[in-house]
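Hi,

Here is the structure I promised to pass on. Have a look at it first, and my notes on what turned up follow below.

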Number of protein chains: 2
Amino acid sequence: MKKVTIRIMPKQGVLDPQGKAVQTSLSALGFSDVKEVQTGKLIELFVEDYQNIDQRVRDMCDKLLANPVMEDYHYEVEEVART
Amino acid sequence: MKKVTIRIMPKQGVLDPQGKAVQTSLSALGFSDVKEVQTGKLIELFVEDYQNIDQRVRDMCDKLLANPVMEDYHYEVEEVART
């Protein structure tokens, strides 16, 4: 069994209204030293062992998980023991 | 300037309907070897240098960013150069 951790963030320069909202809320709570906030998604997949796991993960991201126009993604694959 | 990367995931055992939906959609696309999906949030903060940054980040998470009843969070702090 493999665990794939995918981090999806807005591309540089793409407007991130959720991040802006978080920054405004933090500022209202007194955390005004936070100068920039970016929000993204974290997806953990537990998959059976593949031969070509890199290609499969890229396919999943391009077809469903990420929006390649507006988002960048990075992923890590690690071996895990699960029952 | 410091960059704080916060990973927020549902606690073990908490229902994750979004993760379930992603798994169902992946399965419909032919990725039926994905056995479990967990979704979470990734937040990057760029903050001025604090003395007590660990305490401040935990305060931000507990008060706004994470729901401590249902979610676990982890964070990393790194030094970055930004203009």
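The largest pocket is lined by strands from both chains: β1 (2-10), β2 (34-47) and β3 (71-79) of chain A and β1 (2-10), β2 (34-47) and β3 (71-79) of chain B each give at least two residues to the lining. Strands here are DSSP runs of E, at least two residues long, and helices are runs of H or I of at least four, numbered from the N terminus. The largest share, 5 residues, comes from β1(B).

Before you read on: this is a predicted model, where local features need pLDDT of at least 70 and side-chain atom pairs need 80 or more, while totals for chains, interfaces and linings use all residues. Residues are numbered from 1 along each chain as written, chains are lettered from A and ligands numbered from 1 in the order written, and side-chain values use heavy atoms, without hydrogens and water.

Back to the pocket, which has a volume of about 510 Å³. Of its 23 lining residues, the closest to the centre are Lys3(A), Leu42(A), Glu44(A), Arg7(B) and Met9(B). (A pocket is an open set of points on a 1 Å grid over the protein atoms alone, where a 1.4 Å probe fits, with protein on both sides within 12 Å along at least five of seven lines; lining residues have an atom within 4 Å of a point. The volume is the space filled by probe spheres set on the points, which are joined across faces, edges and corners.)

Lys3(A) sits in β1 and Glu44(A) in β2 of chain A, so the pair ties together parts 41 residues apart in sequence. Glu44(A) counts as buried because its relative accessibility is 11% (buried is under 20%, exposed over 50%, partly exposed in between, with a 1.4 Å probe and protein chains only). Lys3(A), at 18%, is buried too.

There are 8 salt bridges over all chains. Among them, Glu79(A) pairs with Lys2(A) at 2.5 Å between the closest N and O atoms; Glu79(A) is in β3 and Lys2(A) in β1 of chain A, 77 residues apart. Another joins Lys11(A) and Asp72(A), at 3.2 Å from N to O.

Cheers

Notes: A salt bridge is a side-chain nitrogen of Lys or Arg within 4 Å of a carboxyl oxygen of Asp or Glu.
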